[in-house]
Amino acid sequence: MLFDYSIVAVDFDGTLCEDKWPEIGDARESLIWHLRCRQARGDKIILWTCRTGEKLREAVEWCSLYGLIFDAINENLPEVIEYCGGDSRKIYADEYIDDKMVNQFGYSITDECDFLMPNYKFDSGYVMDADGNLKMTEV
């Protein structure tokens, strides 16, 4: 970790929402709440998606309806560019959340956000299965 906070890069289609490309699928609200919680704690969130142009604008607006405002969109954070002495095509992050990711250790979301949303209870979360797919599970 380069900074005193984590940088999380998150995909859109199949991750923040069900994969219905070119449309926008149903929200995966547990993940959205999780990212909002992380951001409230000081972590930085980057939208990392293949969407461009109008489809990207629609995705960003859709996320804002759920209160998810990104620190960067398909680009490195300014502090990363400064630290590295330039910008790279690869987005630097401490964590990458994507429906296509491979992670033997898994990634799970819990209801650790009580301080942000005291009356919100997670009824599901996401874990990585053995095939590397992000799956919704009961918590």
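In this predicted model, Lys44 lies over the face of Tyr5, at 5.0 Å from the ring centre. Tyr5 itself is buried, because its relative accessible area is 14% and the limit for that class is under 20%.

The ring of Tyr5 also takes part in contacts with other aromatic residues. Together with Phe3 and Tyr83, Tyr5 forms one aromatic cluster. Aromatic rings count as a pair if their centres lie within 6.5 Å, and by this rule the structure holds five aromatic pairs. One of them joins Phe3 and Tyr5: the ring centres are 5.4 Å apart and the planes stand at 5 degrees, so the pair is stacked, the cut-off for stacking being planes under 30 degrees apart. Phe3 has a relative accessibility of 19% and therefore counts as buried.

Two features of the backbone deserve attention next. Most residues other than glycine have a negative phi, and most peptide bonds are trans. Against that background, the peptide bond from Trp21 to Pro22 is cis, with omega near 10 degrees. Pro22 is placed in the loop between β1 (7-10) and α1 (29-40).

Asn74 belongs to the loop that runs between β3 (72-73) and α3 (78-84). With a relative accessibility of 30%, Asn74 counts as partly exposed, because this class covers values between 20% and 50%.

Notes
Residues are numbered from 1 along each chain as its sequence is written. This is a predicted model: local features need pLDDT of at least 70, side-chain atom pairs count only at pLDDT 80 or more; totals for chains, interfaces and linings use all residues. Side-chain values use heavy atoms; hydrogens and water are left out. Rings of Phe, Tyr and Trp (its six-membered ring) pair if their centres lie within 6.5 Å; planes under 30 degrees apart count as stacked, over 60 as edge-to-face and the rest as tilted. Buried means under 20% relative accessible area, exposed over 50%, partly exposed in between (1.4 Å probe, protein chains only). A charge sits over a ring if NZ of Lys or CZ of Arg is within 6 Å of the ring centre and within 35 degrees of the ring normal. Helices (H or I, at least four residues) and strands (E, at least two) are DSSP runs, numbered from the N terminus.
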